[in-house]
Amino acid sequence: DVKVTQSSRYLVKRTGEKVFLECVQDMDHENMFWYRQDPGLGLRLIYFSYDVKMKEKGDIPEGYSVSREKKERFSLILESASTNQTSMYLCASSLSYRLAGAKQYFGPGTRLTVT
Amino acid sequence: AQKVTQAQTEISVVEKEDVTLDCVYETRDTTYYLFWYKQPPSGELVFLIRRNSFDEQNEISGRYSWNFQKSTSSFNFTITASQVVDSAVYFCALISGTYKYIFGTGTRLKVLA
């Protein structure tokens, strides 16, 4: 079974802090994703990576950056956390960008609160 | 533009009732895939089903069934004889390329004992 793990389930940070959210998958997947989930808005894509050091902006990349130095690890970085970044963050992976319609595997999520 | 609409924000049913979750999608592509995911209180989205645009056969898996109708751009999900463990948020999603998934806003299902 594919396992996607996220470094924290709950995180509380102060406004202006730099925040790192880590995601690791153990099935050699090429694609990794970061989503943000907010009530009434569903899942919105922040960033996508299809290979090591490769990334694409999603729908809401402002205020975020990402890093993928190793295939299994995809980090989301909030350069200067703000209260409007309080949310649930979900990481996902899928097999390959060359495979259309591949299903995604999700981590348990990190609920981030910025005060 | 691509879009997925789940008009039902929240549904409450009593255990053993049948319940249908609606999903309507929009896409101009002829090749696409539709998904349903379940998000229990633990937070992790769990894959339930994938259907491609060329396969309109309905699917049944235990108490779960899915009705895919291209004519109405719908991919509805029915739970028969609901149970308390079915309580979760359910997401419908669409993808027509290789990585950009479009999610609906989710339907929260509450099954009362």
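Are C23(A) and C91(A) buried or exposed? Both C23(A) and C91(A) are buried, where buried means under 20% relative accessible area, exposed over 50%, and partly exposed in between (1.4 Å probe, protein chains only).

A quick note before the views: this is a predicted model, in which local features need pLDDT of at least 70, side-chain atom pairs count only at pLDDT 80 or more, and totals for chains, interfaces and linings use all residues. Residues are numbered from 1 along each chain as its sequence is written, chains are lettered from A and ligands numbered from 1 in the order in which they are written, and side-chain values use heavy atoms, with hydrogens and water left out.

**View 1. The disulfide of C23(A) and C91(A).** The sulfur atoms of this pair sit 1.8 Å apart, and a disulfide here is a pair of cysteine sulfur atoms within 2.5 Å. The torsion about the S-S bond is about -75°, so this disulfide is left-handed. Look for C23(A) in strand β3 (residues 19–25) and C91(A) in strand β9 (residues 87–94) of chain A, so the link ties together parts that are 68 residues apart in sequence. Strands (E, at least two residues) are DSSP runs, numbered from the N terminus.

**View 2. The disulfide of C23(B) and C92(B).** Here the S to S distance is 1.9 Å. With -65° about the S-S bond, this link is left-handed. C23(B) lies in the loop between β3 (19–21) and β4 (24–26) of chain B, while C92(B) lies in strand β10 (residues 88–95), so the pair ties together parts that are 69 residues apart in sequence.

**View 3. A look at how buried C23(B) and C92(B) are.** C23(B) is buried, with a relative accessible area of 0%. C92(B) counts as buried too, at 0% relative accessibility.

Note on methods
Helix = DSSP H or I, 4+ residues; strand = E, 2+ residues; numbered from the N terminus.
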